[in-house]
Amino acid sequence: MTDKEVRRLRRTELIEMLFYLQKEMEMLQVENASLHRQLEAKKAGLSDNDMNKIFDVVKSAVHESIQSSVGEPVEIVRDSE
């Protein structure tokens, strides 16, 4: 879209564009963080299986900690990669 076309847009259209661009940026930041974690794991020589084991241990520890402080079962969901 050219500068001239952008200038002719209504305010609501501009706000809508900003909203979708913000959502896209947030998704790309999440993807970027996930890729950085994968890269760091590869640099550290950890396989996917090792990362899964580490995640399971951390998940169990967090689950136990939350459950002991809250007193009710809590479900922890792994973000998709």
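Buried residues account for 2% of the 81 residues in the chain. The model is predicted, and its secondary structure consists of three helices and zero strands, in the order α-α-α from the N terminus. The chain has an accessible surface of about 7300 Å², with 57% of that belonging to carbon and sulfur atoms.

**Nonpolar surface patch**

- A nonpolar patch on the surface is formed by Met1, Val6, Leu14, Met17, Leu18 and Leu21, which together have about 550 Å² of accessible area.
- Helix α2, spanning residues 11-43, gives the most to this patch, with four residues.
- Leu18 is found in helix α2 and is exposed, at a relative accessible area of 58%.

**Salt bridges**

- The count of salt bridges comes to three.
- Side chains of opposite charge can pair when their charged atoms come close.
- Arg10 pairs with Glu13 in a salt bridge, with the closest N and O atoms 3.6 Å apart.
- Arg10 is exposed, with a relative accessible area of 55%, whereas Glu13 is partly exposed at 28%.

- Glu26 and Lys23 form a salt bridge at 3.9 Å, N to O.
- Because Glu26 and Lys23 are three residues apart in helix α2, about one helical turn separates them.
- Glu26 is partly exposed at 33% relative accessibility, and Lys23 is partly exposed at 40%.
- Lys43 and Glu40 form a salt bridge, their closest N and O atoms being 3.9 Å apart.
- Both Lys43 and Glu40 lie in helix α2, three residues or about one turn apart.
- Lys43 counts as exposed at 59% relative accessibility, while Glu40 counts as partly exposed at 44%.

Conventions. Residues numbered from 1 in each chain as written. Predicted model: local features only at pLDDT ≥ 70, side-chain atom pairs only at ≥ 80, totals over all residues. Heavy atoms only, no water. Helix = DSSP H or I, 4+ residues; strand = E, 2+ residues; numbered from the N terminus. Buried < 20%, exposed > 50% of the residue type's maximum accessible area, 1.4 Å probe, protein only. Areas by Shrake-Rupley, 256 points an atom, 1.4 Å probe, with all protein chains shown as cover. Patch = residues over 30% accessible without salt bridge, like charges linked within 9 Å, V, L, I, M, F, W, Y side chains within 5 Å. Salt bridge = Lys/Arg side-chain N within 4 Å of Asp/Glu carboxyl O.
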